[in-house]
Amino acid sequence: MGVVFPYHPRGGRYKLTFTEAQRACAEQDGILASAEQLHAAWRDGLDWCNAGWLRDGSVQYPVSQPREPCGGLGGASAGTGGGTASGGVRNYGYRHNAEERYDAFCFTSNLPGRVFFLKPLRPVPFSGAARACAARGAAVAKVGQLFAAWKLQLLDRCTAGWLADGSARYPIVNPRARCGGRRPGVRSLGFPDATRRLFGVYCYRAPGAPDPAPGGWGWGWAGGGGWAGGARDPAAWTPLRV
């Protein structure tokens with residue numbers, strides 16, 4: 001069991017060669033998905049109107065809700081994807097892997113540790129995310145880790161948080177009003193301005209790693225009254241009793 005997730009970096013859509021797509025997936029704790037894995041994800045409801053590289057060097061994308069900008073209202077294009085008027089996997093075939101650029105469809109099936117949301121006393125800029133997680137014996141979660149936690153561990157949190165690539169996302173298992181629509185999934189807010197203090201952070205703690213701030217510990221600025229005064233340099237952040 002695993003999960004397929006679409007991915008593009010901060011630079012925008014359709015920026016990755018095949019080799020760069022392989023690297024992007026690896027950086028987010030995944031590998032390029034196979035055509036069979038993408039087809040299975042489509043059967044489970046994956047709907048994504050941007051083409052991405054797959055492991056075999058083909059470029060495809062899954063459409064569960066047919067619409068004109070996403071390959072028309074009919075079935076899939078030529079290829080192995082299949083499909084009917086209810087949707088399908090659109091297939092561009094095998095592309096020039098060193099010259100053409102698309103997004104990536106990544107796959108992950110392993111999450112030995114735990115992803116958790118860390119809510120600071122105040123929202124933090126992206127530069128503070130790593131120190132916040134480190135204070136809890138963890139690292140900022142990667143995109144693949146958040147998708148795995150959503151799919152495999154049923155993580156459900158209607159609060160956006162920073163991830164390691166600078167994106168902000170949140171996982172929804174039980175869709176509800178004000179949480180991004182009627183379908184489960186990992187919602188994305190894209191790549192916000194990294195200097196704005198908008199979010200908490202999703203952290204990943206490896207198996208066996210201790211939590212150095214259990215129970216009544218949080219984190220923030222030390223000295224001169226903590227949040228009320230003193231150092232505002234993120235380098236000065238330290239665990240604080242709350």
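Cys-133 is buried, with a relative accessible area of 0%; buried here means under 20% relative accessible area, exposed means over 50%, and partly exposed is anything in between, using a 1.4 Å probe and protein chains only. Cys-133 and Cys-203 form a disulfide, with their sulfur atoms 2.1 Å apart, where a disulfide is taken as a pair of cysteine sulfur atoms within 2.5 Å. Cys-133 sits in helix α3 (residues 129-134) and Cys-203 in strand β13 (residues 200-205), so the pair ties together parts that are 70 residues apart in sequence. Helices (H or I, at least four residues) and strands (E, at least two) are DSSP runs, numbered from the N terminus. The link of Cys-133 and Cys-203 is left-handed, with -80 degrees about the S-S bond.

A word on where these values come from: this is a predicted model, in which local features need pLDDT of at least 70 and side-chain atom pairs count only at pLDDT 80 or more, while totals for chains, interfaces and linings use all residues. Residues are numbered from 1 along each chain as its sequence is written, and side-chain values use heavy atoms, with hydrogens and water left out.

Next comes the link between Cys-25 and Cys-106, whose sulfur atoms lie 2.0 Å apart in a disulfide. This pair links distant parts of the chain, 81 residues apart, with Cys-25 in helix α1 (residues 18-27) and Cys-106 in strand β7 (residues 103-108). About the S-S bond there are -80 degrees, and the link of Cys-25 and Cys-106 is left-handed.

Cys-49 counts as partly exposed, at 25% relative accessibility, whereas Cys-70 counts as buried, at 2%.

Stepping back to the whole structure, a search finds 4 disulfides. With the bonded cysteines of the chain numbered in sequence order, the pairing reads 1-4, 2-3, 5-8, 6-7.
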